[in-house]
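Visitor: Could you walk me through how to read charge pairs in a model like this? I'd like the general idea before the particular case.

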Amino acid sequence: MGSEENKKIESEETPSVPQESSANEQIPKDPPSEDIPAATVAKGSDPAPQKKPGDSNDRDAALTRVMTEKRLALIKAWEESEKAHRKISEIASWEKSKKASIEAELKQIEELFEKKKAEYAERMNNKKAEVHKEAEEKRAMVEAKRGEEFLQIEEAAAKHRSTGTTPKMLFGCFGF
């Protein structure tokens, strides 16, 4: 029963972190039991204390520290990703709102142009109607003048017939 309680206590002390399986990830083994060469030790520093191959507390602490650092790194990466995603979303919404306002402005301008186009078309149609009216009036005047001239010519012809004289100007319109 005592060994079960020890296992329970050890599992509570080490945080349970879901581990991602990776082919490249390896759990560090016991450090080699060889002495550290003096050349590798930096000047002014004490050489690291020798670890015994059976010292599992140091190994567990290092493994826990590595797992915690890994978890914190993953959390930080996720946080940065979320911040970037949020900024991208903000930019997308800003772009969408700007496009919508520009399209609304464009529609207003188009409506204004359509209104002006309709006004100009109405003015042009009014001008065409005025020109047509003037042309009709001129035609009517020409027809009236022609009718008067025709009456004058018929009166002159009737006068010449009744008197039996010939007109002095034959073909007066040709200038003979």
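Guide: Gladly! A salt bridge here is a side-chain nitrogen of Lys or Arg within 4 Å of a carboxyl oxygen of Asp or Glu. In this predicted model, Glu143 and Arg146 form such a bridge, with their closest N and O atoms 4.0 Å apart.

Visitor: Where do Glu143 and Arg146 lie relative to each other?

Guide: Both are in helix α2, three residues apart, which is about one turn of the helix. As for cover, Glu143 is partly exposed at 49% relative accessibility, while Arg146 counts as exposed at 55%; the cut-off for exposed is over 50%.

Visitor: How many salt bridges does the rule give?

Guide: Four. The general idea is that side chains of opposite charge can pair when their charged atoms come close. Among them is the bridge between Glu136 and Arg139, at 2.8 Å from N to O. These two also sit three residues apart in helix α2. Another joins Lys99 to Glu95, at 3.5 Å between the closest N and O atoms. Lys99 and Glu95 are four residues apart in α2, so about one helical turn separates them.

Visitor: What does helix α2 itself look like, from first C-alpha to last?

Guide: Helix α2 covers residues 56-163 and reaches 156 Å, close to the 160 Å expected at 1.5 Å a residue. Gly164 follows α2, with a positive phi near 80°.

Technical notes. Residues numbered from 1 in each chain as written. Predicted model: local features only at pLDDT ≥ 70, side-chain atom pairs only at ≥ 80, totals over all residues. Heavy atoms only, no water. Expected span 1.5 Å × (residues − 1). Buried < 20%, exposed > 50% of the residue type's maximum accessible area, 1.4 Å probe, protein only.
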